[in-house]
Amino acid sequence: MKDEASGEMIFSHTYCTLFREWQTTEESQRVRRAYPHVLRFPWPKASVVVEIHDRNRAGAFQKSWSTTLDPASIFSDPGNPYQFESVDLEINGTAEEKVDILFIAEGYTAEEMDKFIDDAGRSAGYIFSEEPFKSNRQRFNIRAVKSASQDSGTDNPGEGIWKNTVVNSSFYTFGVERYMTTMDYRSVCDVAACAHYDQIYILVNTDKYGGGGIYNHYSISAADNLQSRAVVIHEFGHAFGGLADEYFNSAVAYNDYFPLEVEPWNPNLTTLVDFDSKWKHMIADGTPVPTPPDEAYEEIVGVYEGGGYVAKGVFRPMIDCRMHTNDAAFCPVCSAALEKMISRITGL
Ligand SMILES: [Zn+2]
């Protein structure tokens, strides 16, 4: 966002979208689709120019859209369509100094709001049960918005179940059963506008396994599944840290998600195109690159082939990690990236 008069940049923000994922699916080869998006920035004092710079397949930024926005225009509405109550679950300081996580209720009826507040508190507890969040808990604020839905639960197209819920979440995104997301980002942001936030966590009132997490877009997961703890931490790693999936053995709908001739922007994967910009400084002398996935290197930061949904050409930092099997803790590279993000958001 630039001040229109001076041209000076006064705000910037980075994010990913579900649409960007869709662009790598088989469907995108034969169907034209549009996904709604919402841009979020401080209410400007004077007329501003808002630009979107999109990363192309080669990894370079290109200006793809811009508009002029005058806060004094009759079409500029500072109001919010929703007036849902927001509850402070844990406040450790001002919004400027802290990472503000906002849980929003999805698939909870008005009568189920006590359950939602319990579920949100438990889910926040999952995040802060694991490093590096555990020792940085004081640098976060946690709030919850009681966004009531008409129906309880969420869509499960595989069983013909369709629910009327506040942000329109669903399983089977891109045909993958466990991939629960919502394309209705406008409703997500309208609900979230009821409280201050840096990170949106959509908590879905279901016990079915699934969820998703997209960098600075949202995290979403089931409240009541037996594996919810692992899923909550993993998805928050995507949405907050921009961490990529280090696995390559589960079915996904993506094709060539990480072009092999481009260094991924995500901190925890490399194609070795520009490894100097990644975790090279964290590798001990004498560790071979690539590193064989042997027992000898089990707990050692190296460069292990396989990650980002492919077995060849994309490399990850550890044999196992929260972003790989989801049975382990975050690897040192992922942890460092999360710590860096906490510092960036808190300004400390
Ligand atoms: Zn990792």
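**A sheet and its surroundings**

A: Glu 90 stands opposite Ile 142 in E6. The model is predicted, so that local features require a pLDDT of at least 70 and side-chain atom pairs a pLDDT of 80 or more, while totals for chains, interfaces and linings use all residues. Residues are numbered from 1 along each chain as its sequence is written.

Strand E6 covers residues 140-145 and pairs with E4 in the antiparallel sense over 4 bridges; a pairing requires at least two bridges found by DSSP. Strands (E, at least two residues) and helices (H or I, at least four) are DSSP runs numbered from the N terminus. E4 and E6 belong to an open sheet of 6 strands, in which the order is E4-E6-E5-E7-E9-E8 and the pairing is mixed. Strand E4 (86-90) and strand E8 (211-214) form the edges, each pairing on one side only. On average, neighbouring strands of this sheet are turned by 20° against each other, direction ignored.

The account now passes to a pair of helices. Helix H2 (residues 113-127) packs with helix H4 (residues 228-241) at an angle of about 65°, their axes being 8 Å apart. Axes are lines fitted to C-alpha atoms, for helices over the stretch in contact, and angles between N-to-C directions run from 0 to 180 degrees. H2 and H4 are therefore roughly perpendicular to each other, a term that covers 65 to 115 degrees. The crossing of H2 past H4 is right-handed, that is, the near helix is turned clockwise from the far one by less than a right angle. On the H2 side, Ser 123, Tyr 126 and Ile 127 take part, and they meet Ser 228, Arg 229, Val 232, Ile 233 and Phe 236 of H4. By class, the residues of this contact comprise 5 nonpolar, 2 polar and 1 charged.

On the scale of the chain, the domain assignment, which is automatic or from a database, gives domain 1 (2-69), domain 2 (86-241) and domain 3 (250-333). The centres of domain 2 and domain 3, taken over C-alpha atoms, are separated by 28 Å. Between these two, 9 residues of domain 2 are in contact with 8 residues of domain 3, contact being defined by C-beta atoms, placed from the backbone, within 7 Å. The side of domain 2 that touches domain 3 has 4 nonpolar, 3 polar and 2 charged residues.

Notes:
Parallel < 35°, antiparallel > 145°, perpendicular 65-115°, else oblique. Nonpolar A, V, L, I, M, F, W, Y, C, P; charged D, E, K, R; others polar.
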